[in-house]
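Good morning, colleagues. I would ask you to look at the sequence and the model on the screen while I speak.

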Amino acid sequence: MTIEKIIKNNLCTGCGICISEDKSGSSYMEWNDDGFLTPKVTAQSHVGDMERVCPFNLENKYDEDFLAKEFIKGYRHSDSSLGVYNSLYVGYSSRYRETSSSGGIATYVFEKLLCSNSVDFLFIVKEINGRYGYQLFSSIDDIKTISKTRYYPVTLESLFTEIEKIDGRVAVSGVACFIKAIRLKQKLHPELREKIPFLVGIICGGLKSKYYTDFLAQSAGCESEYSHPEYRVKNRESYASDYKFSCEGKYSNRIHVVEMQRLGDMWGTGLFKSNACDFCDDVTTELADISLGDAWIKPYSLDGLGNSIVIARSELAAQIIAKGIDNGDLKLDALDIDRTKASQQGSFNHRHKGLLYRVNHARKNNLYFPKRRQRFLVKQSMFFDLVQKERLITRAKSIQFWKETKEIVSFNERLQPYLVRLNQKTSINHKYIRIKDKFKIFFWGNK
């Protein structure tokens with residue numbers, strides 16, 4: 001199996017780690033037609049070496065269960081869906097919440113890693129010329145400039161060339177597939193375990209094409225070039241999901257804003273999402289030292305300033321969080337497993353419950369797909385599978401139609417029938433679930 005087949009089957013999320021394994025130095029990352037970053041390989045590229053660090057390697061020799069037990073040190077608990085961990089919390093950082101997309105916990109952890117000399121540098125995403133990319137930081141003063149969510153394709157292509165130039169340890173943040181790629185790299189090159197001693201995992205609902213930002217900008221009324229997109233402009237007087245997108249017109253310097261709720265469900269519909277994300281079974285970044293995501297459970301979801309789910313996995317992560325609670329820097333409540341899972345229930349439903357349908361769909365259509373953990377391949381109802389079918393179609397159509405139109409009115413008109421069908425199938429499935437639950441209660445109640 002070669003890296004080319006992974007790319008051609010749209011199973012690449014653009015992490016870029018494979019570039020560092022190409023000893024020829026001839027491969028590089030480039031934009032594909034769908035608005036994602038993917039490797040460009042040449043006749044000289046060492047493709048066999050490159051695929052060893054691919055998180056969607058079709059053979060999947062080292063899955064998340066294996067890698068977690070090798071890399072996460074000092075964990076006390078293990079769960080089949082959450083992975084290994086020490087402690088579970090929900091809440092926020094008093095200092096960084098206002099300037100962050102959610103609860104500000106990631107920024108707090110970065111600060112403490114630098115202040116405690118646990119690491120010397122951070123490799124995290126920052127705005128670069130109006131767009132986003134990974135950069136190396138070593139100054140605590142820069143912390144607040146990097147504390148926002150970015151729904152824009154980025155790549156770790158330069159990570160290992162950058163850290164070769166510096167003397168010191170580096171903490172890296174990333175979504176699940178990026179984190180897994182780093183662990184695979186560390187598995188192959190054990191010296192990198194000390195060089196990259198801490199990983200911050202961002203719980204992800206799916207990677208978006210760069211066209212997603214263009215779609216949002218036009219939806220906000222920006223019809224020309226734009227800069228400084230902000231994806232999570234909070235409304236402190238409302239609730240967590242009531243946020244806005246904003247951008248600045250390049251020539252007018254005018255700020256354009258759109259309420260995200262007016263655009264519908266960007267995540268449940270899968271609009272502009274990477275196909276590879278539909279074959280990811282890691283919902284909570286199981287291989288990071290600490291995993292952070294939005295707290296989509298009440299009462300925390302009712303707070304417009306945002307709260308974060310915190311899964312402290314490694315011993316160091318647990319210590320940082322515990323100390324923050326003790327000294328009052330962090331306002332966190334302990335969570336149990338069920339509530340933690342409930343905070344990401346939509347993603348669990350799609351990633352785990354819908355996985356078997358997508359695997360079978362790929363198999364029937366002679367498409368390649370990565371080997372996934374068997375326990376997540378569970379048969380669901382016909383109604384649930386119909387929703388998965390419509391999601392596959394809607395995701396693909398959203399990218400196709402934007403490429404063909406690049407104009408918001410025509411795009412919305414063409415996509416609307418597919419969204420209607422998806423909503424209809426989703427409603428039918430919800431009714432089926434309610435009826436099934438009622439019958440379950442009735443029969444159990446008569447026993």
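**A buried loop residue and a helix pair**

Let me begin with Val-175, which lies in the loop between β8 (170–174) and α6 (176–188). Please keep in mind that this is a predicted model. Is Val-175 buried or exposed? Its relative accessible area is 15%, and the cut-off for buried is under 20%, so Val-175 counts as buried. Leaving aside residues up to four places away in sequence, Val-175 touches Ile-202, Cys-204, Leu-207 and Thr-285. As for Asn-275, it is 100 residues from Val-175 along the chain, and the C-alpha atoms of the two are separated by 15 Å.

I now turn to the helices, starting with α11, residues 345–353. The buried residues in α11 are Ser-347, Phe-348, His-350, Arg-351 and His-352. Against which helices do the buried residues of α11 pack? They pack against α10 (337–342), α12 and α13.

Two of those partners, α12 and α13, also meet each other. Two packed helices are described by the angle between their axes and the distance between the axes. For α12 (residues 355–364) and α13 (residues 382–405), the axes come within 9 Å and cross at roughly 60°. That angle makes α12 oblique to α13. The crossing of α12 past α13 is right-handed.

Which residues form this contact? From α12 come Tyr-357, Arg-358 and His-361, and they meet Asp-385, Gln-388, Lys-389 and Leu-392 of α13. Sorted by class, the contact of α12 with α13 comprises 2 nonpolar, 2 polar and 3 charged residues.

Thank you for your attention.

Notes. Residues are numbered from 1 along each chain as its sequence is written. This is a predicted model: local features need pLDDT of at least 70, side-chain atom pairs count only at pLDDT 80 or more; totals for chains, interfaces and linings use all residues. Side-chain values use heavy atoms; hydrogens and water are left out. Axes are lines fitted to C-alpha atoms, for helices over the stretch in contact, and angles run from 0 to 180 degrees between N-to-C directions. Helices (H or I, at least four residues) and strands (E, at least two) are DSSP runs, numbered from the N terminus. Angles under 35 degrees count as roughly parallel, over 145 as roughly antiparallel, 65 to 115 as roughly perpendicular and the rest as oblique. A crossing is left-handed if the near helix is turned anticlockwise from the far one by less than a right angle, and right-handed if clockwise. Contact means heavy atoms within 4.5 Å. Ala, Val, Leu, Ile, Met, Phe, Trp, Tyr, Cys and Pro count as nonpolar, Asp, Glu, Lys and Arg as charged, and the others, Gly among them, as polar. Buried means under 20% relative accessible area, exposed over 50%, partly exposed in between (1.4 Å probe, protein chains only).
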